[in-house]
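Subject: A structure for you to look through

Dear colleague,

I am handing over the structure below, and after it I have written out what was found, so that you can follow each point with the model open beside you. Please read slowly and look up each residue as you go.

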Amino acid sequence: MYNSSDINEEIQQLLETYSKMIISIAYTYVKNMADAEDISQEVFVNLMTHKVNFVDSEHQKAYIIRTTINHCKNHLNSSQFKKTIPLEENLSYMPHEESGLLDVVTKLPTKYHSVIHLYYYENYSIKEIAKILHKHPATVGTLLARGRKLLKKQLEGENYDV
């Protein structure tokens with residue numbers, strides 16, 4: 001039997017450990033901070049209502065990333081999302097270099113920005129990304145290489161230092 005204080009501590013630990021990562025991943029998909037925060041809440045509700053026995057912290061992190069990506073895809077496929085008009089996002093709370101780069105990364109096609117985000121922001125290896133995204137490692141490597149080329153072209157066009 002679970003003690004309510006143990007559950008609250010576990011939820012608090014999950015929030016402290018993963019909330020920024022979840023919002024960051026969600027933002028790269030939905031390109032809107034309010035929607036990214038909503039998706040983050042949905043992910044945490046999912047974690048609280050579905051008790052999953054994790055093998056270790058890497059399994060837990062991979063599960064949370066996969067859940068976040070699934071929620072983002074569901075959001076993007078929803079009829080409500082398709083009827084909305086996007087607003088300009090204000091990322092002024094982030095350092096200029098970071099918000100500028102994140103903005104460029106989010107403008108990449110989804111198949112590239114998800115791989116780039118997991119590799120550079122979350123420090124996953126190609127094999128780990130392949131497991132998370134249910135793709136072959138060679139496919140992930142190809143997506144990463146193509147995404148880098150595209151990102152480099154966009155950054156050079158925007159006068160960023162590469």
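I begin with the inside of this predicted model, where the largest nonpolar core has 36 residues, and where Ile64, Ile65 and Leu118 are the ones that touch the most other members. The helices α1 (4–30), α2 (33–49), α3 (57–77), α5 (96–106), α6 (110–121), α7 (126–133) and α8 each supply at least two residues of this core, and the helix that gives the most is α1, with nine residues. If you select Ile64 and leave aside residues up to four places away in sequence, you will find that it touches Leu14, Tyr18, Met21, Ile22, Val43 and Leu47.

The chain has 162 residues, of which 36% count as buried. Among the contacts in the chain with a separation of 6 or more, 64% are accounted for by residues 24 or more positions apart.

Is Ile69 buried or exposed? Its relative accessibility is 1%, and a residue counts as buried under 20%, so Ile69 counts as buried. Ile69 and Ala26 are 43 residues apart in sequence, yet their C-alpha atoms are 7.0 Å apart in space. When residues up to four places away in sequence are not counted, Ile69 touches Ile25, Tyr29 and Leu133.

Leu133 leads us to α7, whose buried residues are Ile129, Ala130, Ile132 and Leu133. These residues cover an arc of only 165° around the axis, which puts them on the same side of α7. On the other side of α7, Lys127 and Lys131 are exposed, while the cover over the buried residues of α7 includes α3, α6 and α8.

In α8 the buried residues are Val140, Leu143, Leu144, Gly147, Leu151 and Leu155. Seen down the axis of α8, the buried residues fall within an arc of 100°, and they therefore line one face of the helix. The face of α8 turned away from the buried side carries the exposed residues Ala138, Lys149, Lys153 and Gly157.

How do α7 and α8 meet, and at what angle do their axes cross? The axes come within 8 Å and cross at roughly 105°, which makes α7 roughly perpendicular to α8. On the side of α7 the contact is made by Ile126, Ile129 and Ala130, and on the side of α8 by Pro137, Val140, Gly141 and Leu144.

The helix α8 also packs against α6, at an angle of about 100° and with the axes 9 Å apart, and α6 and α8 are therefore roughly perpendicular to each other. Here Lys111, Tyr112, Val115, Ile116, Tyr119 and Tyr120 in α6 meet Val140, Leu143, Leu144, Arg146, Gly147, Arg148, Leu150 and Leu151 in α8.

Most residues other than glycine have a negative phi. Asn123, in the loop between α6 and α7, is a residue other than glycine with a positive phi, near 60°, and at 62% relative accessibility Asn123 counts as exposed. His134, in the loop between α7 and α8, is not a glycine either and has a positive phi of about 60°, and His134 is exposed, with a relative accessible area of 63%.

Notes: Residues are numbered from 1 along each chain as its sequence is written. This is a predicted model: local features need pLDDT of at least 70, side-chain atom pairs count only at pLDDT 80 or more; totals for chains, interfaces and linings use all residues. Side-chain values use heavy atoms; hydrogens and water are left out. Buried means under 20% relative accessible area, exposed over 50%, partly exposed in between (1.4 Å probe, protein chains only). Helices (H or I, at least four residues) and strands (E, at least two) are DSSP runs, numbered from the N terminus. The arc is that of the directions from the helix axis to the C-beta atoms. A nonpolar core is a set of buried Ala, Val, Leu, Ile, Met, Phe, Trp, Tyr and Cys residues joined through side-chain atoms within 4.5 Å. Contact means heavy atoms within 4.5 Å. Axes are lines fitted to C-alpha atoms, for helices over the stretch in contact, and angles run from 0 to 180 degrees between N-to-C directions. Angles under 35 degrees count as roughly parallel, over 145 as roughly antiparallel, 65 to 115 as roughly perpendicular and the rest as oblique.
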